[in-house]
Each structure stands twice: as C-alpha cells, then as structure tokens.
Amino acid sequence: MKRIIPATFLSVIILLLLASCSKDTTESAYTKDPYTYQIINQGVLQADEHATTVYLSLLSNTQPWKIAVNGEEGDNNSWCQASACEESDGWSVKIDINSNPNMISRHVPIVLTSGEKAYKIIVSQKPTKQMLSQSDHIDVLKEGGDFFIALNSNSSTVPKVIIPASVSWLKYIGCTVGATKQEQKTILYRFTTEANPDLGRMADLQFSTDSVEDIHVHVHQWCRKLNKEENIHVSEPGQLEILLGGNAHDWGELDSLTLSGTLNTTDMQTLRIMLKPMVECAITNTEGNQTIESEAYLNLCHLNMKDCQLAAGGKKYSEKSIDSPEDTYESKYQELSDHAFDITRTGLQSIVLPSQLLSIGSSAFNMCQNLTKIDIPASVTHIGEYAFFNCEGLMEVHIPDDSQLKELGKYALDTGSTLENISFPTSLQVKDNFGILGNVCAQNIHVKWITPPVLTQFRVNENTILHVPRGSAEAYSHAFGWNRAKEIVEE
C-alpha cells in the first residue's frame with residue numbers, strides 16, 4: 001500500500017501537467033487574451049441590440065492575420081464590419097456592430113485566417129424589442145361594423161389597447177395571438193364601430209406594453225353622403241380630409257360648399273380634389289383582401305371661403321382610397337398660391353375668396369372656364385401674372401373702392417372675355433410692360449388717378465369707355481394709350 005499511493009498520486013500530477021501544457025499550447029497558438037480565447041473557442045460572439053465595438057487580441061505568426069465577414073459574394077452585411085491591424089505586440093482585430101433595428105436576431109460568420117490556420121466566429125445580435133402595426137391607418141365605412149388591426153411584436157407581453165375617452169363610437173372586442181416565429185408573433189385585434197350619421201371622424205388608438213415604444217394607429221370612419229349644400233367648419237388645420245372621408249361617391253351630390261376655419265396645405269389639396277370633375281377611388285373590405293375600384297363624378301360648382309384663414313404648413317393629402325396624382329400645391333399665409341384652382345375641366349362657377357386674403361398667385365384661376373364672377377377682397381395687394389387667364393366665362397371682376405391692390409401681373413386679367421365693368425384703385429402701380437391693367441378687356445374701365453399714368457406701349461381698347469376723375473378728362477384725352485378709348489367720361 002505504501003508503494004501504490006505515491007505512484008498513483010504521481011500519475012495524477014503528470015496527467016494534470018500534460019493537460020495544462022496542452023491548454024497552454026492551444027491558447028498560445030493564437031492568443032494570450034482570455035476573452036479572445038473564449039470567443040474563438042466557443043465560436044460565438046453574442047451582442048445586444050445596441051451598437052458596439054469588440055476588440056480581439058491575436059499573437060503574431062509567420063503569416064499575417066486576415067479577416068473576412070461572410071465570404072459569400074453578394075451578401076449585404078453592412079451592419080457588421082471587421083478589420084485586422086498588426087501592432088508591436090501582435091495583431092488587433094476590431095469588430096464594429098451597428099444597432100439592430102429589426103424585430104428578429106441577425107447572424108453573420110467571421111473567419112480569421114493566418115496561413116493554413118482558420119477560426120470561425122458567428123456574430124449573433126439580439127433584436128430590438130418593439131411592435132409594429134401592419135398599417136398605421138385604417139379606413140372604416142360610414143355604415144360601421146367590425147374591423148381588425150394586426151400587430152407584429154417580439155415583446156413577452158401582449159400590448160394593451162388605449163382608446164381615447166372622447167371616442168364613444170368605437171369599441172374593442174378582443175385579440176388573438178398567433179404562433180411565435182423567429183422571435184416575433186402576430187396579434188390580431190378586433191374592434192367594432194357604430195354607423196356614422198355625420199361628417200368623417202378619426203380615432204387615435206394607442207398600443208402599449210412594457211419596455212417597448214408605444215405605437216399609434218389612426219382609425220378613419222368615412223362621412224355620410226353629402227347634401228347638395230354643405231357648411232363645414234375646419235376646427236384644426238388639416239382636418240378637411242378627415243371630415244370628408246375617402247368615399248368620393250358620397251361627394252357626388254355636393255353643389256355648394258361653404259367653408260370656415262383655418263386651411264393649410266392638406267386642406268387646400270383636399271379642396272382641389274373636390275373641384276375635379278371626376279376622381280378614381282377604391283373601397284377595401286375590413287379584412288383587407290378585396291378592393292373595388294370605380295370612378296366618382298363630382299359636381300362642386302359654388303365655393304364660399306369668406307370666413308377661412310389660409311395658413312402655411314401641413315402634410316400632403318394622404319387618403320389612399322382616392323387616386324390623386326402627386327400634388328405639389330403648398331399653402332402660404334393668407335395667399336392663394338400659384339395654380340390654386342388651375343384644375344382641368346373644373347366645374348367651379350362662383351367663389352367667395354377669404355375676406356383677409358393678401359395675395360392671388362400666378363395662374364391661380366387659369367382655365368376656370370365656368371367661372372362667371374369674382375370679388376377681389378380689399379385686403380389683396382398682389383395678383384400674379386395670368387391669374388385669370390382663359391377664364392372665358394368671367395363677366396364680372398369686382399375690385400372695391402377701398403382696395404389696397406398694388407401689383408397686377410402680366411396678363412392677369414386676360415380672361416378671353418369682355419367684362420362689363422371694372423374699377424381700379426389709386427393704389428395700383430401701372431406697369432406698362434406687363435400689359436395695360438393686366439391686359440383687361442372691358443366695356444367700361446373706371447380709374448381713380450387724377451394724372452394719367454404714363455404708358456409707352458400698351459393702350460386701352462378702342463371699344464372701351466374710360467371713366468376718369470372729375471376734371472381730368474382733358475389730360476386723359478391727350479395721354480398716349482389712354483386717348484385710344486372709345487369715349488372718356490368724367491365721374
């Protein structure tokens with residue numbers, strides 16, 4: 001017994017030393033850094049969802065170290081970049097990992113080579129905890145009924161639904177959780193709505209769960225069928241598209257519209273669509289698997305904007321059920337911007353402009369051939385070139401005596417028609433090279449200047465009766481351009 005114990009003990013010691021030497025030999029083959037050894041030995045580099053940089057330390061070999069990220073040609077792995085750099089005490093490997101915006105994990109292999117030696121590491125990055133709605137906007141018909149919202153989520157808990165207290169017409173029924181696939185699951189929420197007896201309405205539904213950013217889905221219930229005459233107040237800029245809904249067939253009977261409130265780019269683009277003679281629209285069922293496309297014919301002829309304020313800003317018109325080409329119209333403060341109502345074959349016959357309007361842009365009413373009369377608010381100081389060009393049905397353009405109009409653009413009043421009467425204020429600055437008084441053609445022109453403005457090229461139409469201030473008829477009868485009038489009458 002005394003001989004066996006020392007021999008056995010010695011054998012164990014020798015085995016341990018051999019194992020230790022073997023391990024040291026393995027580590028020394030490529031690194032002395034425990035962290036690097038762990039990563040290469042396990043073959044996995046686990047990263048969380050945030051951006052990070054990892055450094056590995058390698059020993060110098062007779063051959064330089066090279067590194068390749070997923071050597072398969074054509075793969076896009078821009079989220080993970082790696083490089084090897086020789087330093088005084090060996091080689092340093094830098095691995096840059098971008099943040100992961102995705103809902104599932106992502107993986108990419110990295111291969112370290114030095115001569116015939118090769119070591120493979122799988123970089124595995126966790127996903128960002130989040131939920132996403134398959135659509136952030138749901139349209140519901142005026143008749144109401146059930147509809148569904150589908151969410152994708154990789155959260156461990158089912159997101160809860162928060163409905164604003166003011167929304168009484170929409171109810172939450174329940175949800176169904178689908179199977180988890182690649183760390184994410186699909187949750188189908190079911191709601192129901194009452195029939196809508198009035199203008200369109202919107203509900204902002206909030207979905208919330210722990211450690212995940214909340215998301216919002218807007219539910220838009222379309223309006224009732226519009227009457228022949230409607231008064232609509234836009235309480236907040238951008239709301240007109242909500243109030244009108246997305247079923248253009250419900251607009252078809254509308255002939256006369258009175259608007260009030262503040263209108264921005266979204267509202268003006270909505271209004272421009274309503275003034276078209278026809279639009280294409282589509283209605284999709286609540287399951288989203290069937291769509292009916294059709295054409296809706298519109299008949300808006302009379303528009304009253306007297307109590308409207310025009311404001312800058314606002315998003316693009318976004319009702320997807322109505323096919324409207326990209327509209328570049330941009331609203332500005334108290335201004336009808338260029339081409340505001342330059343709409344092909346519009347049926348617009350009359351319009352009352354905003355009472356505090358400051359400017360009418362170029363070609364604002366170009367080709368409004370059915371327009372018969374317009375009153376220019378006294379506050380307007382500028383009318384752009386070609387503003388009423390080719391408005392062949394325009395018989396009356398009323399500019400009030402207290403008008404602040406200063407600028408009248410080239411051919412602004414070249415309507416293609418002959419007006420019965422038009423009056424110009426003393427504030428107007430006559431620019432002969434822009435055409436005399438916007439190239440207007442009228443049976444009677446009333447001016448307020450005691451001294452005739454100097455004309456150098458353009459002249460009053462020879463069939464026009466010119467009405468001038470008392471005591472100035474002789475001056476006008478000797479002034480170039482003005483003296484071409486058929487008759488000069490003092491008033």
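Trainee: Is Phe-365 buried or exposed?
Mentor: In this predicted model, Phe-365 is buried, because its relative accessible area is 0%.

Trainee: And Phe-388, buried or exposed?
Mentor: Phe-388 is also buried, with a relative accessible area of 0%.

Trainee: How many aromatic pairs are there?
Mentor: The count comes to 13 aromatic pairs. One of them joins Phe-365 and Phe-388: the ring centres lie 5.0 Å apart and the planes meet at 5°, so this pair is stacked.

Trainee: Where do those two residues sit in the chain?
Mentor: Phe-365 belongs to the loop between β24 (359–360) and β25 (373–375), and Phe-388 to the loop between β26 (382–383) and β27 (396–398). The two residues are 23 residues apart, and their pair links distant parts of the chain.

Trainee: What about Tyr-386 and Phe-389?
Mentor: Their ring centres are 5.0 Å apart, but the planes stand at 90°, so the pair is edge-to-face. Tyr-386 is partly exposed, at 26% relative accessible area, and Phe-389 is partly exposed, at 24%.

Trainee: Which residues do ring pairs link into a cluster?
Mentor: The cluster consists of Phe-147, Tyr-172, Tyr-189, Phe-191 and Phe-207.

Trainee: Changing topic, what is the order of the strands in the open sheet?
Mentor: The four strands run in the order β29-β30-β31-β32, with parallel pairing. β29 (419–423) and β32 (487–490) stand at the edges with a single partner strand each, so one side of each has no neighbour in the sheet. From one strand to the next, the twist averages 15°.

Trainee: How many bridges pair β29 with β30?
Mentor: β29 pairs with β30 (residues 442–446) over four bridges, in the parallel sense. Asn-421 stands opposite Asn-444 in β30.

Note on methods. Residues numbered from 1 in each chain as written. Predicted model: local features only at pLDDT ≥ 70, side-chain atom pairs only at ≥ 80, totals over all residues. Heavy atoms only, no water. Pairing = 2+ DSSP bridges. Axes fitted to C-alpha atoms, helices over the stretch in contact; angles between N-to-C directions. Phe/Tyr/Trp six-rings, centres within 6.5 Å; stacked < 30°, edge-to-face > 60°. Buried < 20%, exposed > 50% of the residue type's maximum accessible area, 1.4 Å probe, protein only.
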